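Let's take a walk through this one together. Have a look at the chains first, and then we'll go through them piece by piece.

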2 protein chains.
Amino acid sequence: MPYFDAASSAPLHPVARQALQASLDEGWADPARLYREGRRARLLLDAAREAAADAVGCRPDELVFTPSGTRAIHTGISGALAGRRRVGSHLVVSAVEHSAVLHAAEGRPVTEVPVDRWGAVSPGVFGQALREDTALACLQSANHEVGTEQPVAEVAEACRAAGVPLLVDAAQSLGWGPVAGDWSLLTASAHKWGGPAGVGLLAVRKGVRFASQHPADERESGRAPGFENIPAIVAAAASLRAVRDGAREEARRLRALVDRIRASVPELVPDVEVVGDPVRRLPHLVTFSCLYVDGETVLHELDRAGFSVSSGSSCTSSTLTPSHVLRAMGVLSEGNVRVSLPPGTQEADVDRFLEILPGVIADVRGRLGAPVSPGASAGSASLVVDALGRRCPVPVIELAKVIGDVEVGGTVTVLADDEAARLDIPAWCEMRDQEYVGESPVERGTAYVVRRRT
Amino acid sequence: MPYFDAASSAPLHPVARQALQASLDEGWADPARLYREGRRARLLLDAAREAAADAVGCRPDELVFTPSGTRAIHTGISGALAGRRRVGSHLVVSAVEHSAVLHAAEGRPVTEVPVDRWGAVSPGVFGQALREDTALACLQSANHEVGTEQPVAEVAEACRAAGVPLLVDAAQSLGWGPVAGDWSLLTASAHKWGGPAGVGLLAVRKGVRFASQHPADERESGRAPGFENIPAIVAAAASLRAVRDGAREEARRLRALVDRIRASVPELVPDVEVVGDPVRRLPHLVTFSCLYVDGETVLHELDRAGFSVSSGSSCTSSTLTPSHVLRAMGVLSEGNVRVSLPPGTQEADVDRFLEILPGVIADVRGRLGAPVSPGASAGSASLVVDALGRRCPVPVIELAKVIGDVEVGGTVTVLADDEAARLDIPAWCEMRDQEYVGESPVERGTAYVVRRRT
């Protein structure tokens with residue numbers, strides 16, 4: 001059964017499993033104790049730290065193990081901010097950071113650096129956001145939803161010039177290689193590269209001002225309180241080394257499979273937008289959005305067909321809002337599908353995915369009454385479609401159904417209260433070459449105005 | 001090789017190992033995802049929560065899994081304090097809580113409730129410490145260094161009456177049974193009962209005001225951010241159930257072994273004080289202190305003889321201060337040895353420990369030149385011993401060497417700058433039936449005055 005959601009969590013790597021099992025017998029004692037069981041645990045912990053630091057590209061004493069990538073981010077941001085309290089409390093982050101970064105930044109003065117339609121920040125724009133009172137900047141190495149790589153090295157240079165430390169969230173990329181550039185702090189998560197759950201990494205370069213905000217604790221340099229999870233740490237370090245050993249070859253192989261998906265989906269499925277940078281991207285991840293379908297049903301149908309994928313559509317989020325990443329990119333969010341291939345994915349599974357996908361999308365569209373082709377006849381000068389109370393993708397479907405009923409130059413006004421419409425109606429216009437005029441508030445929702453161009 | 005430090009960390013229980021290995025294949029995916037791998041992970045997580053809640057004695061929706069017992073304490077204290085911000089920020093804790101509790105309380109107004117010579121608080125005294133502005137009270141179920149059980153049910157009643165929530169740190173006792181009484185919050189740590197590292201428990205009763213101080217996160221009711229460590233959680237819950245099944249019988253067996261140690265050590269080794277409550281105590285833990293030896297050397301010699309134990313002596317702490325628990329109890333800290341037997345400990349191993357211990361202590365005493373018996377001859381009216389710059393146990397050894405050189409009613413003044421002397425000189429006086437007069441500051445240290453009584 002093909003699992004295509006490695007970006008959420010990768011299946012345990014065989015090396016991680018072996019290392020975990022081997023160290024259950026040797027790594028359960030308290031490494032702070034001086035008796036033999038403690039000394040054995042300490043040796044395992046020290047060796048794991050050396051191996052992980054080597055893979056990160058830092059000194060062992062710059063690296064601590066945290067209970068997760070999320071906790072590494074929380075600790076890294078709060079500690080770096082506290083360390084530069086005197087400078088200020090302003091944060092600069094990209095608009096497409098992981099929610100763990102954005103949530104950790106809440107309640108502080110934050111500048112979100114916008115991204116282009118591919119999802120990348122511009123180093124120049126990022127640099128301009130740095131202020132006198134900026135305590136910390138955060139930039140992911142690559143985006144978790146669309147795979148776009150960020151210009152970390154250039155941004156790190158801009159941060160150095162401004163004297164601002166840069167925290168790089170490397171959760172999605174660390175298995176593929178070290179992060180280039182002169183970063184100050186780095187975070188990662190072992191279960192993303194096939195390590196076990198329960199292990200994150202936090203590297204803080206020597207010389208970076210850092211004040212842990214945890215209660216005092218002697219473990220992990222005071223940066224990660226609580227008893228060390230040594231068997232999992234050993235497994236994390238061993239599997240990082242193992243995936244790195246095969247990373248170049250596996251990246252080449254998966255990149256070819258992803259290229260095939262990127263090229264085939266728009267050929268096989270009408271009204272699809274592939275999002276994210278086509279070149280500067282993670283090798284194993286591709287995201288596309290399909291007009292006139294809801295992501296939840298697509299995920300459900302793909303699961304029934306044996307494929308596990310994820311989605312940034314509003315209907316798949318607990319808050320019923322589209323992914324903030326797709327929103328920041330200004331791309332279509334409805335019918336969004338993220339495919340992220342774990343190492344070892346077979347070509348035949350990708351082939352089968354491409355075989356069944358068109359039927360799945362066509363089925364869902366059929367059930368929702370999506371328009372097959374835009375109407376050709378011209379009619380009135382303007383129409384109003386009331387989609388208040390209807391969820392994504394209905395507002396866009398209703399718009400597409402009637403656009404042919406107004407004359408060229410005429411307008412369709414869609415009334416909607418679903419948050420996804422704000423993103424998807426303009427995105428539909430761009431895909432369909434229609435003019436998006438703008439939005440204005442109405443009672444109980446928003447009016448989106450579209451002018452028929454063709 | 002007998003490992004006698006279960007109170008630090010217990011070897012992995014066979015059930016924990018089996019459960020961990022079995023769930024590595026089923027529990028690696030994101031339980032928030034709706035595809036089959038996610039649903040399987042969610043099922044495992046839900047079942048583990050039910051089992052753990054059953055063992056704790058709470059509802060599943062009152063229990064979250066944290067990355068460690070320490071993190072459960074940190075989150076529990078900060079969340080409960082924030083939830084009662086309007087009432088005040090005052091904390092009441094026992095003086096012998098785990099350092100994780102005391103460190104989490106730092107920087108707030110705290111009342112430390114004293115303990116008696118056995119290490120227990122008095123419910124009446126605890127209740128009197130509760131104030132109008134007390135936001136939270138904390139009391140361990142049993143002490144981690146001396147094994148004394150606290151009167152949790154009575155203290156919980158006093159807290160209820162005062163409208164103050166009580167957090168119980170059950171790290172040392174949860175494997176032996178549920179915590180009695182009407183507590184509000186409870187914390188525990190899986191590796192203490194033979195579960196894996198990486199799992200703590202935090203229970204918060206419905207109706208208790210609680211405001212998580214972590215950045216927003218959807219996992220674990222917002223109380224434990226970061227990807228859930230499901231295989232370890234499954235192993236923790238399964239092993240808790242397993243140890244509970246055998247707890248009654250194993251407690252009876254280990255209590256008999258500990259009783260033998262409690263009775264034999266003072267018979268076999270002169271100048272020993274067994275500390276902690278002889279009856280109301282954990283079944284597997286006993287602590288004693290030996291005059292005229294340093295804990296570090298004793299630990300080292302016991303390790304060489306194959307026994308892993310720990311110590312609250314100042315020389316075994318990174319801060320060179322005696323354990324705050326022994327200090328609060330006012331008992332001897334030098335030559336302190338904690339023995340905590342893991343389940344399954346063999347009688348023969350305890351016998352061998354009792355065989356070798358007298359020789360180990362005698363050797364260390366011999367090397368340090370400890371007095372074999374107090375001098376009998378009487379001499380001058382007063383003497384001054386300069387032990388400035390000398391570490392524990394030297395000041396007490398020097399005192400013991402010369403006490404026989406002053407006449408009955410005469411005094412010995414010990415000049416010392418080692419923090420342990422403040423605890424150990426009065427404790428020596430009590431053990432030796434000499435009169436402790438008091439202390440006064442001198443240049444570079446403290447003068448401790450002892451009057452010869454016998």
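Just past helix α9 of chain B, Gly306(B) takes a positive phi of about 100 degrees. (Helices here are DSSP runs of H or I with at least four residues, strands are runs of E with at least two, and both are numbered from the N terminus.) This is a predicted model, where local features need pLDDT of at least 70 and side-chain atom pairs count only at pLDDT 80 or more, while totals for chains, interfaces and linings use all residues. Residues are numbered from 1 along each chain as its sequence is written, chains are lettered from A and ligands numbered from 1 in the order in which they are written, and side-chain values use heavy atoms, leaving out hydrogens and water.

Back to α9(B), which spans residues 295-304. Its buried residues (under 20% relative accessible area with a 1.4 Å probe, protein chains only; exposed is over 50%, partly exposed in between) include Val298(B), Leu299(B) and Leu302(B). What covers them? Part of the cover is α2 (36-56) of chain A, along with β10 (336-340) and α11 (347-368) of chain B.

That brings us to where the chains meet. Each of chain A and chain B puts 53 residues into the contact, which means heavy atoms within 4.5 Å. Together they bury about 4300 Å², 54% of it on carbon and sulfur atoms; buried area is the accessible area (1.4 Å probe) that two parts lose on being put together, summed over both. Trp28(B), Arg36(B) and Arg71(B) supply 16% of what chain B buries against chain A, more than any other three residues.

There are eight salt bridges across this interface, each a side-chain nitrogen of Lys or Arg within 4 Å of a carboxyl oxygen of Asp or Glu. One of them joins Arg17(A) and Asp25(B), at 2.6 Å from N to O.

Finally, some backbone details. A cis peptide bond joins Cys392(B) and Pro393(B), with omega about 5 degrees, and Pro393(B) lies in the loop between β11 (380-386) and α12 (394-402) of chain B. Asp433(B) is not a glycine, but has a positive phi of about 60 degrees; at 41% relative accessibility, Asp433(B) counts as partly exposed.
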